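User: I have a model open and want to go through its contacts. Can you take my questions as they come?
Analyst: Go ahead.

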Amino acid sequence: MGSEHAARISTWGSAPEPRYAEGEDGSIAYQAFGRGPRDLLFIGNWASNIEVMWEHPSMARYLERLARFSRVICFDKRGAGLSDPVAMGALPTLEHWMDDASVVLDAVGSSSATLLGDAEGGPMAMMLAASHPQRTDSLVLVNTFARLLRAPDYPIGIPEPTAELLLGEWRRNWGTGAVLQLTAPDVADDAQLQRWVGRYMRLSASPAAATRMYEWVLQLDVRSVLPSIQVPTLVLHKAQNRHYRIPMGRYLAEHIPAARLVELPGAAWYPPFVEAEQLLDEVEEFVTGDRPAPVDDRVLATVLFTDIVGSTDLAARLGDQRWLDLKLAHDDLVRSRIERYRGTDVSSTGDGFLALFDGPARAVRCAWEIAAAVRSLGIEIRAGVHSGEVEFQGEDVAGIAVHLASRVMSLAGDGTVLASGTVKDLVVGSGIGFEDRGAHVLKGVPGEWRLFEVTGV
């Protein structure tokens with residue numbers, strides 16, 4: 001439930017085990033997973049680690065979504081992640097990386113695949129599609145470019161002084177998660193995402209290798225390749241992308257024969273899973289010919305968190321067995337009330353519960369009744385309630401509404417139920433009483449939130 005409660009287990013029970021394919025110049029780490037009838041070769045950012053990428057729940061979800069309709073093949077390019085390192089003075093070329101891709105396709109027995117080139121993986125995907133059309137079913141280009149630097153015949157590129165500044169920032173901030181300010185500004189203050197991105201970068205490449213590689217990326221120019229791409233091509237680009245700006249995506253669509261451009265809202269382009277649902281819908285329709293049916297994995301719900309007040313001291317005072325007996329009695333009481341008010345018991349959070357309700361008034365009344373009922377056990381609880389969109393991830397739930405409800409609960413007093421202003425507004429006319437507790441800044445949640453203590457139901 002958010003970064004504090006969720007534990008992600010993929011459809012396969014764990015991350016797919018990496019394997020190695022032997023190329024002429026070393027070993028290439030790869031994975032193949034999914035049950036779809038088509039092969040899809042995912043060519044992402046040059047800095048990758050196919051093992052660590054599964055450690056973030058949203059990245060795992062992104063990959064699993066691709067695997068609904070394809071067998072996904074991904075690999076670490078030489079010089080990155082689990083693949084063999086390369087000498088600092090002998091960086092791989094696009095041709096070398098194309099050879100790596102061919103070796104991996106051979107290793108998994110793929111005769112042809114859709115190529116999905118994301119960000120810096122785009123130029124390689126374009127080269128591969130143009131050079132090996134017999135092995136390419138179609139091409140999807142996501143937030144990518146044919147050239148980065150500005151030129152007299154390419155005014156949409158980055159000016160060299162700006163590129164030098166970016167290179168300096170890249171060198172200083174490698175492995176810190178600060179890259180999110182440029183790549184995903186709307187979620188750049190997400191501490192959990194910062195930690196994962198920093199770890200992912202550090203385990204992809206060293207700072208020196210990353211700097212050399214970025215210098216190389218700045219010199220790429222595959223514009224001459226574009227007219228030779230003859231496979232069906234879809235160009236997907238975030239309209240507010242601040243780095244690989246939308247004119248770069250439009251340039252690709254204008255110069256690749258019969259390519260189709262879809263401009264998507266938003267600025268986030270890395271990590272690829274941020275704001276990705278609409279993008280993934282477009283990819284699935286392009287690859288399969290069918291628009292995916294809506295999935296009921298995002299719904300409006302009212303989230304309730306409860307927690308036993310002073311549980312640590314209470315456990316120490318009672319001893320293990322008495323505390324266990326009390327905890328079991330508490331759990332039975334809470335579950336019975338959640339069921340009575342038609343809620344869904346999502347999980348126990350240690351000394352409390354997370355539950356979802358399809359009506360805010362039922363959630364508030366349930367919390368109020370729980371707070372009163374547990375006093376018969378000689379304990380107090382605190383509760384927090386908020387209404388918003390939640391996202392189902394298997395048997396788990398996530399989303400800002402879950403995180404916000406947890407923060408609301410943390411501010412509740414002993415034996416009290418605290419609700420967000422959203423809940424108060426939604427239960428107008430219910431007879432539930434509230435007392436204003438003022439505006440609060442909730443850790444990890446943008447803006448100020450007005451909170452209200454429930455005074456009667």
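User: How many salt bridges does the structure hold?
Analyst: The structure holds 26 salt bridges, a salt bridge being a side-chain nitrogen of Lys or Arg within 4 Å of a carboxyl oxygen of Asp or Glu. This is a predicted model: local features need pLDDT of at least 70 and side-chain atom pairs count only at pLDDT 80 or more, while totals for chains, interfaces and linings use all residues. Residues are numbered from 1 along each chain as its sequence is written, and side-chain values use heavy atoms, with hydrogens and water left out.

User: Which residue does Asp-281 form a salt bridge with?
Analyst: Asp-281 pairs with Arg-65, and the closest N and O atoms are 2.6 Å apart. The pair links distant parts of the chain, 216 residues apart: Asp-281 is in helix H10 (residues 277–288) and Arg-65 in helix H2 (residues 57–69). Helices (H or I, at least four residues) and strands (E, at least two) are DSSP runs, numbered from the N terminus.

User: Buried or exposed, for Arg-65?
Analyst: Arg-65 is buried, at a relative accessible area of 4%. Asp-281 counts as partly exposed, at 22%. Buried means under 20% relative accessible area, exposed over 50%, and partly exposed in between (1.4 Å probe, protein chains only).

User: And what about Asp-358, which residue is its salt-bridge partner?
Analyst: That is Arg-342, with the closest N and O atoms 3.9 Å apart. Asp-358 sits in the loop between strand S11 (352–357) and helix H13 (360–373), and Arg-342 in the loop between helix H12 (320–340) and strand S10 (344–348), 16 residues apart. Asp-358 is exposed at 56% relative accessibility, and Arg-342 is exposed at 55%.

User: What does Arg-437 bridge to?
Analyst: Arg-437 forms a salt bridge with Glu-435, the closest N and O atoms being 3.1 Å apart. Arg-437 is partly exposed at 36% relative accessibility, and Glu-435 is partly exposed at 38%. As for a network, salt bridges that share partners join Arg-65, Glu-277, Asp-281 and Glu-284.

User: How many disulfides?
Analyst: The structure holds zero disulfides, taking a disulfide as a pair of cysteine sulfur atoms within 2.5 Å. Of the cysteines, Cys-74 is buried with a relative accessible area of 2%, and Cys-366 is buried at 0%.

User: Changing topic. In what order do the strands of the open sheet run?
Analyst: Eight strands form it, in the order S1-S2-S4-S3-S5-S6-S7-S8, with mixed pairing. Two strands pair if DSSP finds at least two bridges between them. The edge strands, each pairing on one side only, are S1 (19–23) and S8 (260–264). From one strand to the next the twist averages 25°; axes are lines fitted to C-alpha atoms, for helices over the stretch in contact, and angles run from 0 to 180 degrees between N-to-C directions.

User: How many bridges join S6 to S7?
Analyst: Four bridges join S6 (residues 136–142) to S7 (residues 233–238), and the two strands run parallel. H10 lies across strand S5 (113–118), S6, S7 and S8, at about 175° to S7.

User: Why is H4 described as largely enclosed?
Analyst: Because eight of the ten residues of helix H4 (residues 122–131) are buried. Those residues include Met-124, Leu-128 and Ala-130. The buried residues pack against strand S3 (39–43), strand S4 (71–75), helix H3 (94–107), S5, S6 and helix H9 (246–255), where contact means heavy atoms within 4.5 Å.

User: What does Ser-102 touch?
Analyst: Not counting residues up to four places away in sequence, Ser-102 touches Leu-128, His-132 and Arg-135. Ser-102 is in helix H3 and is buried, with a relative accessible area of 15%.

User: Last one, how many aromatic pairs?
Analyst: The count comes to 13 aromatic pairs. Rings of Phe, Tyr and Trp (its six-membered ring) pair if their centres lie within 6.5 Å; planes under 30 degrees apart count as stacked, over 60 as edge-to-face and the rest as tilted. Trp-46 and Trp-174 are stacked, because their centres are 6.1 Å apart and their planes at 10°. Both of those residues, Trp-46 and Trp-174, are buried.
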